[in-house]
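User: I would like to learn how to read a ligand site and a disulfide in a model. Please take them in turn.

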Amino acid sequence: MMSIADNLNRVRERVEKAVSLAQRPAGDCRLLAVSKTRSADEIRSLAELGQLDFGENYLQEALDKMSELADLPLQWHFIGPIQSNKTRSIAESFSWVHSVDRLKIARRLSEQRPDNLPPLNVCLQINIDDEDSKSGCSVEEAAQLAEEICQLERVVLRGLMAIPDPEQSDEAIASSFQRLADLLEQLKATLPCGQSLDTLSMGMSGDLDSAIAAGSTCVRVGTAIFGERPAKTES
Ligand SMILES: *Cc1c(COP(=O)(O)O)cnc(C)c1O
């Protein structure tokens, strides 16, 4: 069996190979280790190897691990669906939120971000394949919503996030990534806060190579680092 340290090294190599194939500078794509359902000890062992960015989907689980790992200089990214009664804790505890998909949530995060912390980095999640079941705003709503988020005081709009429909062919997934990249370029060119938009959060264990080819600057990788997740239902 491979250890998670070996897995991390293999994923790092995979990321750098894809970055280099895309003729982008080394280090151009951030690796976010998605640690939902994983223990604080597993996170600690990755932190010892220099992996400091972690993504979590479930608030209470994340808060428990944060307090156990408070001695480490970790950056926590919230990547799961957000209920409005959870925004205060998210605004207080995370550096990034990738899954903002409506104005109400963005407003609350901005109002609730503590003054002693830097503004919260947020990405707008786009339902890039128009799936009924999926979080994210539509491509059509994106420009308006992004413009409104730009005006909020205590959040910084950094870019876009999407999870393509995994049932599609590889070609269709690549085209979804490309559409998200095109949308980011369009927003960069047209929004007053366009210069802060430097992030395309796309690509997971199965499709990170294709996401990086399309311009991903942040891949969110769980299974390829930690192995298959045990089943988990949110309480
Ligand atoms: C779980 C999750 C991931 C990681 O998926 P893997 O296929 O395990 O790499 C990435 N992004 C989001 C939003 C997730 O919920």
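Predicted model: local features only at pLDDT ≥ 70, side-chain atom pairs only at ≥ 80, totals over all residues.

User: Which residues surround the ligand?

Analyst: A residue is near a molecule if one of its heavy atoms lies within 4 Å of it. Here the shell comprises Val 34, Lys 36, Asn 57, Ile 79, Ile 163, Met 204, Ser 205, Arg 220, Val 221, Gly 222, Thr 223 and Arg 229.

User: Which side chains have an N or O atom 2.7 Å from an oxygen atom of the ligand?

Analyst: Those of Lys 36 and Asn 57. A polar contact is a pair of N or O atoms within 3.5 Å. Gly 222 instead uses a backbone N or O atom, 2.8 Å from a ligand oxygen.

User: Which cysteines form a disulfide?

Analyst: A disulfide is a pair of cysteine sulfur atoms within 2.5 Å. The structure has one: Cys 150 and Cys 193, with sulfur atoms 1.7 Å apart. This pair links distant parts of the chain, 43 residues apart.

Terms used:
Residues numbered from 1 in each chain as written. Heavy atoms only, no water. Polar contact = N/O pair within 3.5 Å; in protein donor to acceptor, adjacent residues only side chain to side chain. Helix = DSSP H or I, 4+ residues; strand = E, 2+ residues; numbered from the N terminus.
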